[in-house]
Every structure is written in structure tokens, then in C-alpha cells.
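Let's walk through this structure piece by piece. Keep the 3D view open as you read.

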Amino acid sequence: MTSTSARSAPLNVLGKPLLVCGCSPMTGWYRDGTCQTDPSDLGQHSICCVMTEAFLRYSKAQGNDLSTPVPAFQFPGLKPGDRWCVCAPRWKQAYDDGMAPLVCLEATEDRALSVVSLDQLKEHAHQSIG
């Protein structure tokens, strides 16, 4: 696997340039709006998802409360409709449990394919964001 710094630009799961996932609230490992990761991102925040009430409840029940604001980290809390870079293993767990949120394929980094298949992601594809 090539490192992100060795590539001219990060790629999405469709083999094209990675698009922005969301900037309101600002998401991503780098907090730049994209789901670009690197080897230091042990959670692999690479899947761009559209939040749903069901997924937010599911995530909270798994110990990851994404809906409660945390001002100390400038985190406003997520609400349904927000786009957020979700950890690939967490998305796979939600998928296995029938709770996976919709995915923006164009904004999901290709590194996610080391955890989930393109077919699994396509099953939950949201309409194009670009």
C-alpha cells in the first residue's frame, strides 16, 4: 500500500479523486472536510456517511456518542442529515447488525476497502454529492 503522501491525491472507492464529505460540521481525520486518512488514524475514519437517527442511537449504544455536543473539542454533536467520516470497522459492525447509514461513495476513501467491500458500500450508497 502506498502512503497518502506518496499519492498525488487521495482516491475514493470508485478510483476517482476523493470529494469533500462535509464541512458543517467539519469532519475528517484531518478536520478538512474529507475522509482522507493515514496510517496514524487507527480508527480509519474513511467512510463518508449521512447520519440517521437510527445510526446515531446505535453508535451511542456501542459507546460512541456522536449526537452530544462536546464544546471542549469544538464538536457540535451530529444530527440526522449531517455528513460524517465514520470509522470503517464501526461501519462494518453497523452493517453486520443491519444498522449501517447511507454512504457517499465519491467521498469515501479507498482505504475503506481493506475493511469492507465495494459491494457492501454500494448497497448503502447515497445519491452523488458532487
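## The sheet

Start with the open sheet: 3 strands, ordered β2-β1-β3, with antiparallel pairing. Because β2 (83-86) and β3 (102-103) stand at the edges with a single partner strand each, one side of each has no neighbour in the sheet. Strands here are DSSP runs of E, at least two residues long, while helices are runs of H or I of at least four, all numbered from the N terminus. Two strands pair if DSSP finds at least two bridges between them.

Now zoom in on β1 (residues 47-50), which pairs with β3 over 2 antiparallel bridges. Cys 49 has Val 103 in β3 as its bridge partner.

## Where the model comes from

This is a predicted model: local features need pLDDT of at least 70, side-chain atom pairs count only at pLDDT 80 or more, and totals for chains, interfaces and linings use all residues. Residues are numbered from 1 along each chain as its sequence is written, and side-chain values use heavy atoms, leaving out hydrogens and water.

## Two faces of a helix

Check out helix α1 (residues 53-61), where Phe 55, Leu 56, Tyr 58 and Ser 59 are buried (under 20% relative accessible area; exposed is over 50%, partly exposed in between, with a 1.4 Å probe and protein chains only). Seen down the axis of α1, these buried residues fall within an arc of 160°, so they line one face of the helix. That arc is taken from the directions from the helix axis to the C-beta atoms. On the other side of α1, Arg 57 and Ala 61 are exposed.
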